[in-house]
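Reader: I have a structure open and would like to go through it. Can we take it piece by piece?

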Amino acid sequence: MKQPVKLIAGVYLGICGCTTQAQGPEDRSVEPLEPEPGDSTLVADEHTRLGASRLTEADYREVAAELGVEVAALKAIVEIEAGKDHLGIVEDSLPVINFDLTMFKRFAGKHGVNLGNQRAAHPEVFAKPNVTRYGNHQLAQHARFNGACDIDEKTAIYATFWGMFQIGGFNWKLCDTESPQQFVELMSRSERDQLELFARLITKCDYVKYLQAKNWAEFARHYNGPSYARRGYHTRMANAFAKYSRQAKSGTSDTAEQTPYTTPIDDQLPGLPIPEPLDQLALN
């Protein structure tokens, strides 16, 4: 019998060690881990604690050279997609995710999954992330994903956006992975893997040329969808690129100058990639 995908912080379970949760369009936002009341330690040291899972300057340089783009261009995308904390892994082997309930319902229909009686059996999937119960937004998201996997693993993976580039699970083939489970395994292993999956995706879809030309409007149009202009993705990418270019010239660190970030007022995660071409290519 096929073993289900489950992700629990620090533990690799099943085929790809992944758990997910369903999230409706009203709550697609990446939120940083929050400390318990009275705990003044962990969150500020999250990047250090994750160690080898974190992206390094060498990682950025190597992948940028492979793509023929500037490091600042990659950092600009991370700035938009991952938010102010630049995290793709929030716990050991626990990737940042955003489970989309609307897409879960959509893909369930395409995959022949009947959700008729699942609300009673898996109420957490159909509710907002329960931060009070699970401690922070991401752990609540993963609890929802676990419930969705119990309903149908493939549909749960497809309906979730993964890592620091928020790549839809339905794009696993375009990331040159062998299966949805391998896609999740790599997303869960490290931020370097997430960067490489992103590089494969934009290479396969011929989006690299827009980064090479610093054509932020065309990149955002293809990667983020037709509403990119209304959400200002192209101007935010341009501003973030300018920031990281200045830092590269001055020798300052990534954290020396953070771009202000606020959760969007609409239904989209910052930079949520639901590009039409990818959506059409990877629905099955």
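This is a predicted model: local features need pLDDT of at least 70, side-chain atom pairs count only at pLDDT 80 or more; totals for chains, interfaces and linings use all residues.

Reader: How many helices and strands does the chain have?

Author: The chain has 15 helices and seven strands. Helices (H or I, at least four residues) and strands (E, at least two) are DSSP runs, numbered from the N terminus.

Reader: And what share of the residues is buried?

Author: Of the 284 residues, 54% count as buried. Buried means under 20% relative accessible area, exposed over 50%, and partly exposed in between (1.4 Å probe, protein chains only).

Reader: Which residues touch the most other members of the largest nonpolar core?

Author: Phe104, Phe198 and Phe219 do, in a core of 67 residues. Helix α3 (residues 71–82) gives the most to this core, with eight residues. A nonpolar core is a set of buried Ala, Val, Leu, Ile, Met, Phe, Trp, Tyr and Cys residues joined through side-chain atoms within 4.5 Å.

Reader: New topic. Is α10 mostly buried or exposed?

Author: Buried: 10 of its 14 residues are, so α10 is largely enclosed by the rest of the structure. Among them are Leu195, Phe198 and Ile202.

Reader: What comes just after α10?

Author: Asp206, which takes a positive phi of about 65°.

Reader: Which residue does Lys243 pair with in a salt bridge?

Author: Glu79, at 3.0 Å from N to O. Lys243 lies in helix α14 (residues 233–250) and Glu79 in helix α3, so the pair ties together parts that are 164 residues apart in sequence. A salt bridge is a side-chain nitrogen of Lys or Arg within 4 Å of a carboxyl oxygen of Asp or Glu.

Reader: Are those two buried or exposed?

Author: Lys243 is buried, with a relative accessible area of 2%, and Glu79 is buried at 5%.

Reader: What about Lys204, which residue does it bridge to?

Author: Asp176, with the closest N and O atoms 2.8 Å apart. Lys204 counts as partly exposed at 47% relative accessibility, and Asp176 is partly exposed at 43%.

Reader: How many salt bridges are there by that rule?

Author: The count comes to 11. Asp59, Glu62, Arg192 and Glu196 are linked in a network of them.

Definitions and conventions:
Residues are numbered from 1 along each chain as its sequence is written. Side-chain values use heavy atoms; hydrogens and water are left out.
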